[in-house]
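This report describes a protein chain residue by residue and then as a whole. Please keep the sequence and the coordinates at hand while reading.

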Amino acid sequence: MLTVSFAIVPVWTMISYNPMFLKKGALMDKEEKKVRLMNLTPKAIFGSRFEEKKAHEYLLNLINSHFLHNDPFCLFQFADDVLGQNKTIPSLLKLCSPEQQNRILNNNTSHTADYVPRQTIIHLLRDVFAPLLRKRLNRLYSLPKTETEKRLLILQETFNLSNCELELITFLHVIEMDIFKAYFSSRGGLFDLTELPNFRSAAHQVLGLKRYDIAKALTEGNLFKSSMIEMNYGKDISLADWCDRYLSGAGDKKLSHDFFSDKNDIALNIANFDVPEDELKVLNTLMKSPSGHNILFYGESGTGKTSLAKCLAK
């Protein structure tokens, strides 16, 4: 028989119980409970230390945002994957009655909202999981930078990107990784941040940034000017293919050599460029003009503007 008490138990527990009124055999025996706890899944297998770091950062940012109160149960599922059920479930069981413990172990947290108070989950995320995340992040921050982080810093230096712009690039790169795809690019996850309207309205909670700074980065600044991100018809947002490949480890790490170096081991001629014949005639006329002219080449980064100018100068 259940009795409701608000004065004796902690506010996050909300429900007390009286074991004298439980039916015999209703509770899971100790041996079965031990087996269930041993079979809880560990944390996700991250593809890299960088992936693990971003997962911990995004979860902590969400716990520190308004999303904690909007949908704590969905956030708890994310914590299950990032920290592992072998850490999250034992912590949850400590705050629950035996009946609730039974249901949690039998249902594997798939229906937590049906039998665990909302305030219990909020307390768990904010006061138990958040310190665990900070502790792990401090450890990860103390380790040498990964190859991806080194390439991100090269991108930042090469294109003079702000920290906000760098975070946007980072997120659009990792969103294709399994754990992030499940929660941030699916209608069944936390958000579908591959859709531009959702990205504008919710990405700040995941990234720990100000919404204004994200809006500014998407409409002006070097990230916008360099075409490193693609916004298709104002509906979808993604990272430019060349940038995603570079962060994945393709090509020389010294990106600045490809974009700005005066030295080049390969000698190009005008035939190597896909320039229409009528435009070649215009270029030829301008180059031979005795009075001299200024010629402006425009286009996306990496399309050969500098190399064409050097070829003409020869």
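In which helix is the place of Leu124? Leu124 has its place in helix H8, and the description below, which concerns a predicted model, starts from that residue.

## Leu124 and its surroundings

Leu124 is buried, because its relative accessible area is 0%, where under 20% counts as buried. Leaving out residues up to four places away in sequence, Leu124 touches Phe76, Thr88, Ser91, Leu92, Leu95 and Phe129. One of these, Ser91, is 33 residues away along the chain, yet the C-alpha atoms of Leu124 and Ser91 are separated by 7.7 Å.

## The nonpolar cores

The largest nonpolar core has 75 residues, and those touching the most other members are Leu75, Phe78, Ile169, Phe171, Phe184, Leu190 and Phe199. Helix H8, which spans residues 118-141, supplies the largest share of this core, with 9 residues. Apart from this core lies another one of 6 residues, including Phe273, Val275, Leu283 and Leu308.

When neighbours within four places in sequence are set aside, Phe184 is in contact with Tyr58, Leu62, Phe78, Phe171, Ile175, Leu190, Phe191, Asp192, Leu193, Thr194 and Val206.

## The crossing of H10 and H12

Helix H10 (residues 163-174) and helix H12 (residues 196-207) have axes that come within 12 Å and cross at roughly 95 degrees. Since angles of 65 to 115 degrees count as roughly perpendicular, H10 and H12 are therefore roughly perpendicular to each other. On the side of H10 the contact is made by Glu167, Leu168, Phe171 and Leu172, and on the side of H12 by Phe199, Val206 and Leu207. Sorted by class, the contact of H10 with H12 has 6 nonpolar residues, no polar residues and 1 charged residue.

Leu155 is found in helix H9, which covers residues 147-159, and Leu155 is buried, with a relative accessible area of 0%. Between Leu155 and Leu166 there are 11 residues of separation in sequence and 8.2 Å in space, taken from C-alpha to C-alpha.

Asn160 is found in the loop between H9 and H10. Its phi is near 55 degrees, which is a positive value in a residue other than glycine. Asn160 is exposed, with a relative accessible area of 58%.

Ser227 lies in the loop between helix H14 (222-225) and strand E3 (229-232). Phi of Ser227 is near 55 degrees, again a positive value in a residue other than glycine. With a relative accessible area of 25%, Ser227 is partly exposed.

## The chain as a whole

The chain contains 18 helices and 4 strands, and 40% of its 314 residues are buried. Among contacts between residues at least 6 apart in sequence, 66% join residues at least 24 apart. The accessible surface of the chain comes to about 18500 Å², and 53% of this surface belongs to carbon and sulfur atoms.

Key:
Residues are numbered from 1 along each chain as its sequence is written. This is a predicted model: local features need pLDDT of at least 70, side-chain atom pairs count only at pLDDT 80 or more; totals for chains, interfaces and linings use all residues. Side-chain values use heavy atoms; hydrogens and water are left out. Axes are lines fitted to C-alpha atoms, for helices over the stretch in contact, and angles run from 0 to 180 degrees between N-to-C directions. Helices (H or I, at least four residues) and strands (E, at least two) are DSSP runs, numbered from the N terminus. Angles under 35 degrees count as roughly parallel, over 145 as roughly antiparallel, 65 to 115 as roughly perpendicular and the rest as oblique. Contact means heavy atoms within 4.5 Å. Ala, Val, Leu, Ile, Met, Phe, Trp, Tyr, Cys and Pro count as nonpolar, Asp, Glu, Lys and Arg as charged, and the others, Gly among them, as polar. A nonpolar core is a set of buried Ala, Val, Leu, Ile, Met, Phe, Trp, Tyr and Cys residues joined through side-chain atoms within 4.5 Å. Buried means under 20% relative accessible area, exposed over 50%, partly exposed in between (1.4 Å probe, protein chains only). Accessible areas come from the Shrake-Rupley method with a 1.4 Å probe; for residues, only the protein chains shown count as cover.
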